[in-house]
Amino acid sequence: MSLTVLKLGGSVITDKDRPDTLDGEMLDYVADAVGDAQIDDLVLVHGAGSFGHHHASEHGVSKTVGSSDVAAVIDIHGAMETLDQFVLSRLHERDVPAVPVHPFSVASRDSDAELSLPVQQIATMLGEGFVPVLYGDVVVHEGKGVTIVSGDELVTSVSRQLDADRVGFCSTVPGVLDENDAVIPEITSYESVADVLGESESTDVTGGMAGKVAALLELGAPASIFGPDDVAAFLDGENPGTKIDG
């Protein structure tokens, strides 16, 4: 099995300035690329964009700040289910055998905030010919009610546990940019880009470009960060944008 994991950024497929608003044109564009791809084993993860982020902010829930309010759980998870249905429907229109994996139902954090995400279900889905689709969500957190798990965290967890061969992050920018806004073609160590992204020690490893780079360098699998125009190229086996290989 040669596994590819692709993350679609929430800012790519939604209008982040307008709550609960899809960017239908962009979602159609990336869904076309997925539909045309000749890949046997693919896991998709999408971010929250204007759906989850809006509701999480309203309820004051983050990766570290939790809530035991049922209304917060229902609002945030419900918004993400709605977005996921949009993603699934676009994929089904292109005959992609996409099926949902709801992080709230399978993942959890312990009292030290370590994420537990069982992947046997995902592996079995792949073996049966499905394309599992995960998304940023709320997860139950020991001692805190629920907190947020980001799409980036899900990508790194799934990729590490299932030994992914290739990992791609579709962002709103064409790659990791240097101080002149030019794409850095390859990153093999965080030190080489620390002056642009900041020190890794001060980086939340699930948020922002610095967090993506830090997390991907630890994966042990070649990864790429690229813009929407390069989704098809990535799925075709190329390494567009910035290649990250620690």
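**View 1. Lys-7 stands opposite Val-45 of strand β2.** This is a predicted model: local features need pLDDT of at least 70, side-chain atom pairs count only at pLDDT 80 or more, and totals for chains, interfaces and linings use all residues. Residues are numbered from 1 along each chain as its sequence is written, and side-chain values use heavy atoms, with hydrogens and water left out. Strands here are DSSP runs of E with at least two residues, helices are runs of H or I with at least four, and both are numbered from the N terminus. Two strands pair if DSSP finds at least two bridges between them. β1 and β2 are parallel and share 6 bridges. Val-45 also has Leu-134 as its bridge partner in β6. β2 and β6 pair in the parallel sense too, over 3 bridges.

**View 2. Strand β2 is covered on both faces.** Buried means under 20% relative accessible area, exposed means over 50%, and partly exposed lies in between (1.4 Å probe, protein chains only). In β2, 6 of 6 residues are buried. Asp-41, Val-43 and Val-45 belong to one side. Leu-42, Leu-44 and His-46 belong to the other.

**View 3. An open sheet of 8 strands has mixed pairing.** The order is β3-β6-β2-β1-β9-β11-β12-β10. β3 (98-100) and β10 (186-187) stand at the edges with a single partner strand each, so one side of each has no neighbour in the sheet. Strands of a sheet pair through backbone hydrogen bonds, either parallel or antiparallel. β3 runs parallel to β6 (residues 131-135), and 3 bridges join them. Val-99 has Pro-132 as its bridge partner in β6.

View 4. Contact means heavy atoms within 4.5 Å. The loop between α7 and β9 holds Asp-163. Asp-163 has a positive phi of about 55 degrees although it is not a glycine. With a relative accessible area of 62%, Asp-163 is exposed.

**View 5. The largest cavity holds about 40 Å³ of space.** A cavity is a set of points on a 1 Å grid over the protein atoms alone, where a 1.4 Å probe fits but cannot get out; lining residues have an atom within 4 Å of a point. Grid points are joined across faces, edges and corners, and a volume is the space filled by probe spheres set on the points. The count comes to 2 cavities of 30 Å³ or more. Leu-8, Leu-27, Val-30, Ala-31, Val-34, Leu-44, Val-87 and Leu-91 line the largest one. Helix α2 (24-36) gives the most to this lining, with 4 residues. α2 and α4 (70-93) each supply at least two. The lining has 8 nonpolar residues, no polar and no charged. Ala, Val, Leu, Ile, Met, Phe, Trp, Tyr, Cys and Pro count as nonpolar; Asp, Glu, Lys and Arg count as charged; the others, Gly among them, are polar.

**View 6. A second open sheet has 4 strands in the order β5-β4-β7-β8.** The pairing is mixed. β5 (115-116) and β8 (145-149) are the edge strands, and each pairs on one side only. Helix α4 packs on this sheet and touches β7 (137-141) and β8. The direction of α4 makes about 140 degrees with that of β7. β4 (residues 108-109) and β5 run antiparallel, joined by 2 bridges. Ser-116 in β5 is the bridge partner of Ser-108.

**View 7. His-77 sits in helix α4.** His-77 counts as buried, at 12% relative accessibility. Not counting residues up to four places away in sequence, His-77 touches His-102, Phe-104, Tyr-135, Asp-137 and Val-138.

**View 8. Helix α3 (residues 49-59) has buried residues, among them Phe-51 and His-55.** Gly-49, Ser-50, Gly-52 and Ala-56 of α3 are buried as well. The buried residues of α3 pack against α1 (10-13), α4 and β8. Glu-58 is also found in α3. Glu-58 counts as exposed, at 56% relative accessibility. The C-alpha atoms of Glu-58 and Val-99 are separated by 29 Å, and the two residues are 41 residues apart along the chain. Gly-60 follows α3 and has a positive phi, near 70 degrees.

Key: On a 1 Å grid over the protein atoms alone, a cavity is a set of points where a 1.4 Å probe fits but cannot get out, and a pocket is an open set with protein on both sides within 12 Å along at least five of seven lines; lining residues have an atom within 4 Å of a point. Axes are lines fitted to C-alpha atoms, for helices over the stretch in contact, and angles run from 0 to 180 degrees between N-to-C directions.
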